[in-house]
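Q: Hi! I have a protein open here and would like to talk it through with you. Could you take a look?

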Amino acid sequence: MFTHNRCQLCVNAKEALEQVRQRVPFEITEVDIKKPENRHWFDEYKHDVPVIHVNDEFLLWHRVNIDDTVAKLQAILDKK
């Protein structure tokens, strides 16, 4: 999850992703785009956080619709 510490949409997304995790288990790794080592991601997503990738594949950005996210996540995981 691409995020930064002053992002209210990111807080909301994390809460929604916890509900998604109850239906489809997965781990969340947060990447703070404002850290110097993540400059590439800042340039890419500075106006779009939160952004969620799964297995290096784009899943969603901004708001998490739980049912849609479950379906998209499952489709990505089924490709493995």
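This is a predicted model: local features need pLDDT of at least 70, side-chain atom pairs count only at pLDDT 80 or more; totals for chains, interfaces and linings use all residues.

Q: Where does P50 sit in the chain?
A: P50 is in the loop between α2, residues 39-45, and β3, residues 51-54.

Q: Is the peptide bond from V49 to P50 cis or trans?
A: That bond is cis, and omega is near 0 degrees.

Q: How many residues apart in sequence are P50 and T3, and what is the C-alpha to C-alpha spacing?
A: They are 47 residues apart in sequence, while their C-alpha atoms are 5.2 Å apart in space.

Q: Let's step back to the fold. How many helices and strands does the protein have?
A: There are 3 helices and 4 strands. Going along the sequence, their order is β-α-β-α-β-β-α. The radius of gyration is 12 Å, close to the 12 Å from the globule rule for 80 residues, so the protein is as compact as a globular protein of that length.

Q: What box do the C-alpha atoms fill?
A: Roughly 35 × 25 × 20 Å, taken along the principal axes.

Q: What share of the residues counts as buried?
A: Of the 80 residues, 35% are buried. As for the surface, the protein exposes about 5500 Å², and carbon and sulfur atoms supply 46% of that.

Q: What about contacts between residues at least 6 apart in sequence: what percentage joins residues at least 24 apart?
A: That comes to 51% of those contacts.

Q: How many disulfides does the structure hold?
A: There is 1 disulfide. C7 and C10 form it, with their sulfur atoms 2.2 Å apart. Both C7 and C10 are also in the list of residues that P50 touches.

Q: Is that disulfide of C7 and C10 right-handed or left-handed, and why?
A: It is right-handed, because the torsion about the S-S bond is about 80 degrees.

Q: Are its two cysteines, starting with C7, buried or exposed?
A: C7 is buried, at a relative accessible area of 10%. C10 is buried too, with a value of 1%.

Q: Changing topic: where does T69 lie?
A: T69 is in helix α3, which covers residues 66-78. Its relative accessibility is 3%, so T69 counts as buried.

Q: Which residues does T69 touch, not counting those up to four places away in sequence?
A: T69 touches L17, V20, L59, L60 and V64. One of these, L60, is also among the contacts of P50.

Q: Now backbone angles. What is phi of N55 near?
A: Phi of N55 is near 50 degrees, which is a positive value in a residue other than glycine. N55 belongs to the loop between β3 and β4, the latter being residues 57-61. With a relative accessible area of 47%, N55 is partly exposed.

Q: And what is phi of H62 near?
A: For H62 phi is near 70 degrees, again positive in a residue other than glycine. H62 is in the loop between β4 and α3. Its relative accessibility is 28%, so H62 is partly exposed.

Q: Is E27 buried or exposed?
A: E27 is exposed, with 73% relative accessibility. You'll find E27 in the loop between α1, residues 8-23, and β2, residues 31-32. E27 and V54 are 27 residues apart in sequence, and their C-alpha atoms are 9.6 Å apart.

Q: Last one, on charges. How many positive and negative charges are there, and how far apart are their mean positions?
A: There are 12 positive and 14 negative charges, and their mean positions are 4 Å apart.

Definitions and conventions. Residues are numbered from 1 along each chain as its sequence is written. Side-chain values use heavy atoms; hydrogens and water are left out. Helices (H or I, at least four residues) and strands (E, at least two) are DSSP runs, numbered from the N terminus. The radius of gyration is taken over C-alpha atoms; the globule rule is 2.2 Å times the number of residues to the power 0.38. Buried means under 20% relative accessible area, exposed over 50%, partly exposed in between (1.4 Å probe, protein chains only). Contact means heavy atoms within 4.5 Å. Accessible areas come from the Shrake-Rupley method with a 1.4 Å probe; for residues, only the protein chains shown count as cover. Lys and Arg count as positive and Asp and Glu as negative; His and the chain ends are not counted. The place of a charge is taken as NZ of Lys, CZ of Arg, CG of Asp or CD of Glu. A disulfide is a pair of cysteine sulfur atoms within 2.5 Å.
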